[in-house]
Amino acid sequence: MKCIIPGINVKVFGRAIHSLAKIGEELYLEPLEHGLALRTVNSSRSAYACFVFAPSFFQHYDDGSGQLNSQDSEEDVLRCKINMKSCLTVFKSLSTIERTVDRCKISLNLQESRLVFQLYCRHGIVKTHNLSFIECETLQAVFSKDLCPNAFTAQAKLLSDIVLNFQNNQEEVTLIMKPDKVLLKNYVEDEPDPKKVVHTELGLDPIEFDHFQSGVDTEVTFCLKELRAILAFAEVTALPVSAHFESAGKPIVFSIDSDPNFEGNIVLATLAEDLSTQDNATQQSTQNSQPINRSMPSTAAKRTSYSSKKSSVSSTSFGRRVSGENLERKMASGDAVKERQEKSSASKLDESTEGFRVIKPMMGVNNGGEGSTRNGRVNLLTRTEEDPWAQPSTSSPVIPLQNNKHLLHSVGADTSMPEVTPPGSDEDDEEDMVPGTPPSKKFKSLFFGLSQASSQASQQKEAPVLAEETDDEDS
Amino acid sequence: MALLTQQAEEDEHYILVAKMDNARTMSNILKAIHFKETATVFASERGLKVTVEDAKCVQANAFLQAEVFQEFIIKEEQATFKINLTVLLDCLNIFGSSSNPGVTAALKMCYGGYGSPLKLMLEEEGVLTDCSIKTLEPDDTLDFNFSSANVINKIIMKSECLKEAFNELDMTSEVLQIVMSPDRPYFRLSTFGNAGSTHSDFSKDSDMMEAFNCAQTQTNRYKVSLIKPSVKALASSVRVSIRTDNRGFLSLQFMIKLDDGQVCFVEYYCVPDEDLAEEYDD
């Protein structure tokens, strides 16, 4: 294997590695006939990212298959993983790389078993990095974009601006897809004290997007960290990002595929719906509030202040949420809930096996799975607007603020308090509640990795903390 | 008038009086060798030499020649004292280290001889600060016996590209290997870390090279932990001279341009790693 990246593309390549480094700790590198694939998966196997750089991206590209076959037919095509940190040192300072590197050569030193990165810089300086690697099997996530009923494509700038509104320590975000709008809000764990929670919610009109296809009303919750990673890449390359997703529990795919020279896909696990009673409650509440949401513009026709409308919407949803919890409480006492959840999560487990798995390549047909990632997407219902602002929203009941692409609305504790805490005296009981599993683990453990099945079971036993909470509240 | 004579009388007590328009000049140079708490100061009529040592293996010298000062009076042949360098730098930056253009802190430095404190007077826009720093018994400093007669290989290059290489040194590697050779790879910096090895090759024909005098191939290893502090000096320098002698001792000389166009020098000496492994892998 030998490939040479020309100077102008080294930065893109380096940026891809920086993005991958934010996701996983190991970089899986595989030269394929149709390009060099860089992949990674995070430690909990809830996020997978793959970049494929086409031969046209390179000044010279040789995947090494021919050479190896002639030398030793037994020898398989190189498939290896390297430590992400060591790869990152090669592309440590992107600004310096952009300024000084003329070309980058990636080759394989079979004698020394080293993957060699050579940076040919200006002033006749050559930096050689000999990285040790581990041969491994292909890392491949099983996902398909073409069957997803929901999809949108947006400029990276728009998405980064949206993501910017969420707090840095925000782990997960919920994307709510409706025929006439997209809502993004931060996912709040079963936080015992509502005073400590900031709710952030953003509404986006379909005209904000380059493509917008809403097949099924859905609500998906996924990790923000990995999304930030791919957005960092997309923003530098100024390429649009498209998202494909189906429903809660099914992976969401973000992809950058508008450049013919490379393609990036990131697959994120989404939170399953019936994880806990609260999830049910929130789901119910949003479903319940949906008609209200829709009817609102008609009743309160032409309300100019978007935010005031928003606050009333979210406060209703808060009210609903509480009532939803009440419902749950009546339906099931603590133990029964636990049992039910264990069962449901067990059945969920089976469903979730369609997550990632490491495919053992069969007789050199290592890129079999690759095809699915490169499949064309479903014909998207395209609503391209040349100038989104010039076009007044006609069908949408939402009145967009003309110059404000992303509308931020944070529901502070002060405004929402009255609705959220009806039995105010029970506050102390809530405080005594056993803290739940860390949110990310509960989230991640649900979906991926067969190897994690055992840890999943144990974690899910701890999961229904809410049952205890509701018990306390009942008493 | 009375004040002036009084001041002149006061100055008589000191064996060293040095004045400088901009205290930053001094602090910038001293920062370049600030990798240990204490420094030894040698004052002679040629100026100040400030020495910092570590582990009896590395020595850094900063030279502030008399011309850098607006006034430099020394009454004895030589004055030597040890001082806490961190405190000295703190005092020099007492008006803040941010560089306000046009605003400079003037410095007057006095030393009364063995056992007396080093007095600093700093003035910025009419605000006056007096500092008195206790001096310590001077230690013997190392003599690396590095004479130019024994130098085998010598390279002078612009600091710019070496800065980058030094900044990216793989700190998981214990040693930095320096190859200097009349043939390829001419000048190579290598590290051998957890993740694999890294080499930076500098061609002798590069426009960054100002002088390339290598007589024979030398491969020496130096502890990264000892070399790394020189990054500070490298960062503020414009040119660097890299020399190795017949024992493998390394001398790095950094030329630092001052704001007023004068130049100062900072030098590092470092001993090679004893157990030069036979099998250094390429």
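This is a predicted model: local features need pLDDT of at least 70, side-chain atom pairs count only at pLDDT 80 or more; totals for chains, interfaces and linings use all residues.
Local features need pLDDT of at least 70 and side-chain atom pairs count only at pLDDT 80 or more, while totals for chains, interfaces and linings use all residues. Residues are numbered from 1 along each chain as its sequence is written, chains are lettered from A in the order in which they are written, and side-chain values use heavy atoms, with hydrogens and water left out.

**View 1. The open sheet of chain B.** Ten strands, in the order 10-6-2-3-4-19-18-17-11-15, form an open sheet with antiparallel pairing in chain B. Strand 10 (135-136) and strand 15 (209-214) of chain B are at the edges with a single partner strand each, so one side of each has no neighbour in the sheet. Strands (E, at least two residues) and helices (H or I, at least four residues) are DSSP runs numbered from the N terminus; two strands pair if DSSP finds at least two bridges between them.

**View 2. Strands 18 and 19 of chain B.** Strand 18 (residues 250-257) and strand 19 (residues 263-270) of chain B run antiparallel and are joined by 8 bridges. Opposite B:L250 stands B:C270, in strand 19 of chain B.

**View 3. Helices against strands in chain B.** Helix 3 (residues 85-92) of chain B lies across strand 2 (38-44), strand 3 (47-54) and strand 6 (78-84), at about 90° to strand 6 of chain B. Helix 4 (residues 159-167) of chain B packs on the sheet and touches strand 11 (151-158) and strand 17 (239-245) of chain B. The direction of helix 4 makes about 100° with that of strand 11 of chain B. Contact means heavy atoms within 4.5 Å. Axes are lines fitted to C-alpha atoms, for helices over the stretch in contact, and angles run from 0 to 180 degrees between N-to-C directions.

**View 4. The contact between chain B and chain A.** The contact takes 15 residues from chain A and 18 residues from chain B. About 1500 Å² is buried between the two chains, 43% of it on carbon and sulfur atoms. Buried area is the accessible area (1.4 Å probe) that two parts lose on being put together, summed over both. On the chain B side, B:E164, B:E168 and B:A195 lose the most area to chain A, together 33% of what that side buries. Chain B and chain A share 2 salt bridges. A salt bridge here is a side-chain nitrogen of Lys or Arg within 4 Å of a carboxyl oxygen of Asp or Glu. A:K127 and B:E168 meet in a salt bridge, at 3.7 Å from N to O.

**View 5. A salt bridge in chain A.** The closest N and O atoms of A:E26 and A:K81 are 3.7 Å apart, in a salt bridge. A:E26 lies in strand 2 (residues 26-32) and A:K81 in strand 6 (residues 80-83) of chain A, so the pair ties together parts that are 55 residues apart in sequence. A:E26 is partly exposed at 32% relative accessibility, and A:K81 is buried at 18%. Buried means under 20% relative accessible area, exposed over 50%, and partly exposed in between (1.4 Å probe, protein chains only).

**View 6. A salt bridge between strands of chain B.** B:E210 forms a salt bridge with B:R239, with the closest N and O atoms 2.4 Å apart. Strand 15 of chain B holds B:E210 and strand 17 of chain B holds B:R239, so the pair ties together parts that are 29 residues apart in sequence. B:E210 is partly exposed at 36% relative accessibility, and B:R239 is partly exposed at 29%.
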